[in-house]
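Morning, everyone. Please have a look at this one with me.

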Amino acid sequence: MGISSGPPIIGIQNINKAFQVGKNQVDVLKGVDLNIMPGEFVILFGQSGCGKSTLLNTIIGLERPNSGDIIIRGRKLYDLGEDARAKVRQDRFGIVHQQANWIKSLNVVENVAYPLMISGYSRRAAIKRAERTLELLKLAEFSRYTPTELSGGQQQKVSICRAIINNPWIIVADEPTGNLDTVSADEVMGIFKTINEQARRTILMVSHNPEYEKYATKVIYMKDGIIEKIVNRKDVKVDEDQYPSDLLAMARGEVL
Ligand SMILES: Nc1ncnc2c1ncn2[C@@H]1O[C@H](COP(=O)(O)OP(=O)(O)O)[C@@H](O)[C@H]1O
Ligand SMILES: [Mg+2]
């Protein structure tokens, strides 16, 4: 049964967000409405300062809107307290930033394993799964490196490993290729494409590169805190029964 007409995985309902800067209130999000369906690859474009990162932070539970609701698979995110939201973020979202933030005392495989360890895996089991994830992205040889010894592109791939290790529902990436050369950026986009198509994870990405529209099932154009235009590029027919329940099961097709 296709569920693309079913409930959104992320419902964004009339979100308003203002920041207080000194005596002034700055309205950053001015009534943002958007439904993201399971299995979509959504790319968000818009000029610097238009509110993209603020919107992502609202969606991942870090920035309470002044009004409006974020609904993750039917559940109002901001009805939850801060700790419960942190748990949703940890369990359900895989987050990739423009520049990875590493725990400097840990090597590559330990950094990738870290989210599992804080969600209760034994060190041994976490490291094993991290090694398997690194292998999938052909990064096994770097396991024992310090992350900052790697190139920018390699670091971004490792940060994708870290983001997917918890088997998240949704990958949120804020300009993940912004610091990369074209070749590395294309490789990173290819990995997101694979995660979307093979592992059927929903992806929400901010990008500056119009060439990447081709990866998206839906393109959102933001301007000054509102959504100016939404372009549906491809219908997504998602049969959740056919999802590999474990994201790493995409390896079965040797796709990475
Ligand atoms: N914590 C904050 N306090 C005050 N202003 C903020 C804060 N976060 C973001 N802003 C302002 O909100 C606007 C949108 O920022 P942002 O969402 O980072 O834009 P984008 O990611 O599209 O470049 C900017 O004008 C920025 O200065
Ligand atoms: Mg931003």
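First, the ground rules. This is a predicted model, where local features need pLDDT of at least 70, side-chain atom pairs count only at pLDDT 80 or more, and totals for chains, interfaces and linings use all residues. Residues are numbered from 1 along each chain as its sequence is written, while chains are lettered from A and ligands numbered from 1 in the order in which they are written.

Start with the ligand. Which residues are around ligand 1? They are F19, V21, V26, V28, G46, S48, G49, C50, G51, K52, S53 and T54. To be in that shell, a residue needs its C-beta atom, placed from the backbone, within 6 Å of the molecule. Three elements each supply at least two of the shell's residues: β1 (10–21), β2 (24–36) and α1 (52–59). The top contributor is α1, with three residues. Helices here are DSSP runs of H or I, at least four residues, and strands are runs of E, at least two, numbered from the N terminus.

Now I220. It sits in strand β9 (residues 218–223). Is I220 buried or exposed? Buried, because it has 22 C-beta neighbours inside 10 Å. The cut-offs are 20 or more other C-beta atoms within 10 Å for buried, 12 or fewer for exposed, and partly exposed in between.

Beyond neighbours within four places in sequence, I220 is in contact with L34, V42, L44, I227 and I230. Contact means C-beta atoms, placed from the backbone, within 7 Å.

Last, the two loop residues. K138 is in the loop between α4 (123–136) and α5 (152–164). Its phi is positive, about 55°, although it is not a glycine. K138 is exposed, because 11 other C-beta atoms lie within 10 Å.

E175 is in the loop between β7 (170–174) and α6 (182–197). Its phi is positive too, about 50°, and E175 is not a glycine either. With 18 C-beta neighbours inside 10 Å, E175 counts as partly exposed.

Notes:
Two residues are in contact if their C-beta atoms, placed from the backbone, lie within 7 Å.
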